[in-house]
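Please open the model in your viewer and keep the selection tool at hand. The stops below say what to select next and what is there.

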Amino acid sequence: MIPEIIDRDYAAIVARLKGYFETIMQKTIQPGQAEMLEINAVAFEIKLLREQIQAIGLQQLVKYSSGIGLDNLAELVGVYRLAASPAQCTIRFTLVSDHT
């Protein structure tokens, strides 16, 4: 199971923002109101930021890291990626005289 670094639940973000707005403005917001559209837009941006935070957080864990993130973690313990080199393969054939 992938660890959850930060809460990314969109519905929870919307509910929290709606609660803040209703407390500050001292009025109830209905789903079709313009204010709700603004709350959804802000919630979407917060969701995107939290997804980025999640991805960056996972890059800090060796098990879930890849690419340059993994290279940087390995460097902390003195491990470096081997340089690219061409593959080599030796094939040896043995001929048996009685086979046709």
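The tour goes from helices to core, then to charged pairs and loops.

Before selecting anything, note that this is a predicted model, in which local features need pLDDT of at least 70 and side-chain atom pairs count only at pLDDT 80 or more, while totals for chains, interfaces and linings use all residues. Residues are numbered from 1 along each chain as its sequence is written, and side-chain values use heavy atoms, with hydrogens and water left out.

**Helix α2**

Select residues 34-59, which form α2; helices here are DSSP runs of H or I with at least four residues, numbered from the N terminus. With 26 residues at 1.5 Å a residue, α2 should span 38 Å, and the 38 Å between its end C-alpha atoms agrees with that; the expected span is 1.5 Å times one less than the number of residues. Now colour M36, I39, A43, R50, Q54, G57 and L58, the buried residues of α2, where buried means under 20% relative accessible area, exposed means over 50% and partly exposed lies in between, using a 1.4 Å probe and protein chains only. These buried residues of α2 pack against α1.

**The nonpolar core**

Next, select I13, V14, L17, I29, M36, I39 and A43, the seven residues of the largest nonpolar core. Helices α1 (10-25) and α2 each supply at least two residues of this core. Such a core is a set of buried Ala, Val, Leu, Ile, Met, Phe, Trp, Tyr and Cys residues joined through side-chain atoms within 4.5 Å. In soluble globular proteins, nonpolar side chains tend to be buried together. Centre the view on I13, which, leaving aside neighbours within four places in sequence, is in contact (heavy atoms within 4.5 Å) with A43, I46, K47 and R50.

**Charged pairs**

How many salt bridges does a search of the whole structure find? The search finds five, a salt bridge being a side-chain nitrogen of Lys or Arg within 4 Å of a carboxyl oxygen of Asp or Glu. Side chains of opposite charge can pair when their charged atoms come close.

In α1, select K18 and E22, which lie four residues apart, about one turn of the helix, and whose side chains meet in a salt bridge at 3.8 Å, N to O. K18 is partly exposed at 25% relative accessible area, and E22 is partly exposed at 22%.

Move to α2 for K47 and E51, again four residues apart, about one turn of the helix, with a salt bridge of 2.8 Å, N to O. E51 counts as partly exposed at 30% relative accessibility.

Then select D71 and R81, whose side chains meet in a salt bridge at 2.8 Å, N to O. This pair links distant parts of the chain, 10 residues apart, with D71 in helix α3 (residues 67-76) and R81 in the segment after α3. D71 is partly exposed at 25%, whereas R81 is exposed at 57%.

**Two loop residues**

In the loop between α2 and α3, select S65, which counts as buried at 10% relative accessibility. A polar atom of the S65 side chain lies 3.2 Å from the backbone oxygen of Q59. Not counting residues up to four places away in sequence, S65 touches L58, Q59, L70 and L73.

Finish at Q26, in the loop between α1 and α2, which is exposed with a relative accessible area of 73%. Although Q26 is not a glycine, Q26 has a positive phi of about 55°.

Conventions. Polar contact = N/O pair within 3.5 Å; in protein donor to acceptor, adjacent residues only side chain to side chain.
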